[in-house]
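Let's walk through this model together, strand by strand. Please keep the structure open as you read.

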Amino acid sequence: MSKLSKDEVAHIAKLSRLKLSDEEISRFSDQLSDVLEYVGQLGEVETDNVEPLNNVTGLSNIYVEDKIEPSKISAADIGKNAPEFKDGFFVVPGVFE
Amino acid sequence: MLYELTIKSASEKLASGEISSVELTESILERIKAVDSKVGAYITVCEKEALGMARASDERRKSGKILSEIDGIPIAVKDLYLTKGIRTTAASKILDDFIPPYESTVTAHLWAAGAVLIGKTNLDQFAMGSSTETSAYNTATEYDSTTRNPWDLERIPGGSSGGSAAAVAADLCIAAVGTDTGGSIRQPASLCSITGLKPTYGRVSRYGIMAMASSLDQAGPMTKTVEDAAILLKYMSGHDKHDSTSSKREVPEYSSGLGTRDLQLKVGVPKEFFGAGLDPEVDKIIREAIDKYREMGAEIVDVSLPLIKYALAVYYILMPVEVSSNLARYDGIRYGYSVLKHQTPRNNNQTLDEVYSISRAEGFGAEAKRRIMLGSYVSSAGYADAYYKKALKVRTLIKNEFDRIFEKVDLLIAPVAPSPAFKFGEKTADPLSMYLSDVLTVPINPAGLPAMSLPAGFTKENLPVGLQLIGPMWGEQTILNTGHAFQQVTNHHLQKPKIK
């Protein structure tokens, strides 16, 4: 595994919606490369006919009845933590010109 | 002193009328005032709420309407559990002023049983770390640092549930609750000489606990004795319709299942947990504990789990992928730190995308950013098969290996951490070295197994060393029985730190 380039780190930061400083990009490029090199050892393990294990419960697709119930959490309480909450809506900067 | 009591002993004194919940709660609040500026276990001490809940408990007791054996018992809660109306930070600046509009299921269960919320404890930011050093809060005000180990204030308490472990060890609560994704209950329990149990995945509801890695996270008790862990686990456990991975299995009366009879069981000693890198003093203390179990009648057998050496690599792929997904919700729009609210002067020309990426960059600490980035990378197009899917397959093999071992033995016994508590700053510059300190606790979580840390002894420098008991799925009762038996014949768990 070759070292992650600064461009690659900048791309991952963009995917992660994190605006990083040049100093952070440089530091993360070293640190993430170390971790990737470490986890690369999994390549030694033979896994050709092995199924992936997403979780240990054996559960999949838990269905619940499609019944609408009033929430115990009030909209006003939820809105209290938002930078701006108006008439039951979160206010955000416009996304269209 | 009252603050030294366990759940069991406090509950008996409350029942006999010897003490009231208010007296017990006040004793702990005074203890917090006396030593928490040095230990720094708490982000928030809930003095007003605690006294109100204690008074209500005393009223119930007077009118003979006691709710449970934990009615009136002060409990500390890791600041990762949502507590309605009480600031909950995950030890991150991004949630510095977050007031949850609802209560986590586990804490709701505790309050419904009459327990008293004493405060919210410090942790590694979003439970990411092994030393509580990634917390954004310098709770030990006398040192202007994060939580310190009550056994040696120059050392870290472990993490991520470091505040809960330090609070129990320093008698700043009667018991605490933590969470464990890769060792976050067991490792600090070991380093602070308390008992900490990570239950089977699905035993305890995750609803209302901030998610780190949803397929690995599990909440559990952190207590002064195994007996207390058994009591507290019962109230924490059970199915919750808000968490579909919580199990519908019946919750046993764990504490009534405890006994001191001879241990008629087969205990495996996995050689991979005793490999290079294990501190010689830790090795010696764990071997002595194994001898103790042999004396008590347990059959001790050497076993091998050859794939265990890959567990940490599996973990450092799966966990960051789940982190990067779970932490996407912190977007500066609905709650938490936001440039829309906190930036001065406010730049009105920022696009929505910039609001996301600047709020997140300013709000998250370095470790959270590292794990989000790592997770984004190993699950991104072109790398997901090589890393993420590969790790999920190796997870299957590790799980199968544990299943096969538990056909032969009832429990596994191992160290919890490769070394005793290390000093502040020792591992912060090199994240990989910090990750490696979890090598003996991490393998349990991808397999979903229950495991407990309990005090096993002290090094020459008087630093605590914990013993890890690992069970098969739903093996909590066996773990608790076996741990309790150890505490009947040893007194490590009764030792108290002298906080200077």
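Strands here are DSSP runs of E with at least two residues, helices are runs of H or I with at least four residues, and both are numbered from the N terminus. Two strands pair if DSSP finds at least two bridges between them. Within this pairing, B:Ala414 has B:Gln468 of β11(B) as its bridge partner.

Before going further, a word on what you are looking at: this is a predicted model, in which local features need pLDDT of at least 70 and side-chain atom pairs count only at pLDDT 80 or more, while totals for chains, interfaces and linings use all residues. Residues are numbered from 1 along each chain as its sequence is written, and chains are lettered from A and ligands numbered from 1 in the order in which they are written. The mean pLDDT (the predictor's confidence in each residue, from 0 to 100) of chain B is 96, with 99% of its residues at 70 or more. For the complex, the predictor gives an ipTM of 0.95 and a pTM of 0.97.

Now step back to the whole sheet. In chain B, 11 strands form an open sheet with mixed pairing, in the order β1-β3-β2-β4-β6-β5-β10-β11-β9-β7-β8. At its edges stand β1 (42-45) and β8 (299-303) of chain B, each with a single partner strand, so one side of each has no neighbour in the sheet. From one strand to the next, the twist averages 30°.

Next, follow strand β10 (residues 451-458) of chain B. Seven of its eight residues are buried (20 or more other C-beta atoms within 10 Å of their own, with C-beta atoms placed from the backbone), so β10(B) is largely enclosed by the rest of the structure. Three bridges join β10(B) to strand β5 (residues 195-198) of chain B, and these two run antiparallel; here B:Gly196 has B:Ser453 as its bridge partner. Seven bridges join β10(B) to β11(B), also antiparallel, and B:Leu454 is partnered there by B:Leu467. In the hairpin of β10(B) and β11(B), five residues lie between the strands, and B:Asn462 takes a positive phi near 65°.

Finally, glance at chain A. There, A:Phe89 lies in strand β2 (residues 89-90). A:Phe89 counts as exposed (12 or fewer such neighbours) because it has 11 C-beta neighbours inside 10 Å.

Technical notes
Axes fitted to C-alpha atoms, helices over the stretch in contact; angles between N-to-C directions.
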